Amino acid sequence: LVDDEAEALAFLRRAQIIEHNTEVIFGSAFADDQVTGDHTCACVRRIRDAMADGRRIVLAHHEVAAGAVAGEASRAAVSGGVLEACLDVLNKAYTFRFGQAYCRIALFDESTQSPVDLRFKAIILVRAHDALGGHVPAPLLNRCDKYFLTRSVLLGD
């Protein structure tokens, strides 16, 4: 979902697109979170747990670092690490072994195959200027259904 308004998350709850117990994972604008990668690792861990349990999650405002968009691998440029780490997850690039779905999660220079319950769903909530300004990976945008929420849509004209 591409939102231009702060009310988008509340709209998703009112429209019963997400339930009360849906986990919302917010990005961080704090400089320390973007430099150390601790916040990114914590978010990826929460996504991995939701995948295994088959829960629905909302990823809200995980901006992508400029270097990551250009394809540079840098430990310092991790603000968008959540979207990049979970690109295969969000693209549903699953492999099956012995009846169990697995998906690759790649964070920094390491990757792992994590189990996925097929009931798992993810909604990505990004700001319009990030989606339109090239701050969200094009492969991610190309593979997702996109909905643009405006105040008139949220309020029903």
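Glu23 is found in strand S2. The model is a predicted one, in which local features need pLDDT of at least 70 and side-chain atom pairs count only at pLDDT 80 or more, while totals for chains, interfaces and linings use all residues. Residues are numbered from 1 along each chain as its sequence is written, and side-chain values use heavy atoms, with hydrogens and water left out. Helices (H or I, at least four residues) and strands (E, at least two) are DSSP runs, numbered from the N terminus.

At 19% relative accessibility, Glu23 counts as buried; buried means under 20% relative accessible area, exposed means over 50%, and partly exposed lies in between (1.4 Å probe, protein chains only). The side chains of Glu23 and Arg46 are joined by a polar contact of 2.6 Å. A polar contact is a pair of N or O atoms within 3.5 Å; within protein, one must be able to donate a hydrogen and the other to accept it, and residues adjacent in sequence count only if both atoms are side-chain atoms. Leaving aside neighbours within four places in sequence, Glu23 is in contact (heavy atoms within 4.5 Å) with Arg46, Arg55, Arg56, Ile57 and Val58. Glu23 also belongs to a network of salt bridges that links it with Arg46, Asp53 and Arg55. A salt bridge is a side-chain nitrogen of Lys or Arg within 4 Å of a carboxyl oxygen of Asp or Glu.

Thr22 sits in the loop between helix H1 (8-14) and strand S2 (23-26). Thr22 is buried, with a relative accessible area of 6%. A polar atom of the Thr22 side chain lies 3.0 Å from the backbone nitrogen of Glu19. Not counting residues up to four places away in sequence, Thr22 touches Arg13, Arg56, Ile57 and Val58.

The whole structure holds six of them. Side chains of opposite charge can pair when their charged atoms come close. Arg56 and Glu19 meet through their side chains in a salt bridge (3.9 Å, N to O). Arg56 lies in strand S3 (residues 56-60) and Glu19 in the loop between H1 and S2, so this pair ties together parts that are 37 residues apart in sequence. Both ends are partly exposed, Arg56 with a relative accessible area of 29% and Glu19 at 39% relative accessibility.

Another salt bridge joins Asp88 and Arg104, whose closest N and O atoms are 2.9 Å apart. Asp88 lies in helix H6 (residues 87-90) and Arg104 in strand S5 (residues 100-107), so the pair ties together parts that are 16 residues apart in sequence. Arg104 counts as partly exposed, at 36% relative accessibility. Arg119 forms a salt bridge with Asp117, with the closest N and O atoms 2.7 Å apart; Arg119 is exposed, with a relative accessible area of 57%.

Strand S5 also has a strand partner. Strand S4 (residues 94-97) and S5 pair in the antiparallel sense over four bridges; two strands pair if DSSP finds at least two bridges between them. S4 and S5 form a hairpin with two residues between them, and Phe98 in the turn has a positive phi of about 55°. The bridge partner of Tyr94 in S5 is Cys103.

The structure holds zero disulfides, a disulfide being a pair of cysteine sulfur atoms within 2.5 Å. The sulfur of Cys86 is 8.3 Å from the closest cysteine sulfur, in Cys103, and this is too far for a bond. For Cys43, the closest cysteine sulfur is in Cys86, at 9.2 Å, again too far for a bond. Cys43 is buried, with a relative accessible area of 1%, and Cys86 counts as buried at 1% relative accessibility.

The interior remains. A nonpolar core is a set of buried Ala, Val, Leu, Ile, Met, Phe, Trp, Tyr and Cys residues joined through side-chain atoms within 4.5 Å. The largest one has 27 residues, of which Ile47, Met51, Leu59 and Phe120 touch the most other members. The elements that give two or more residues to this core are helix H3 (38-53), S3, helix H5 (81-85), H6, S5, strand S7 (121-127) and helix H8 (138-143). H3 gives the most, with five residues. Leaving aside neighbours within four places in sequence, Phe120 is in contact with Ile47, Ala50, Met51, Gly54, Arg55, Ile57, Val89 and Tyr94. Apart from this core lies another, of 11 residues, among them Ala8, Val24, Val58 and Leu125.
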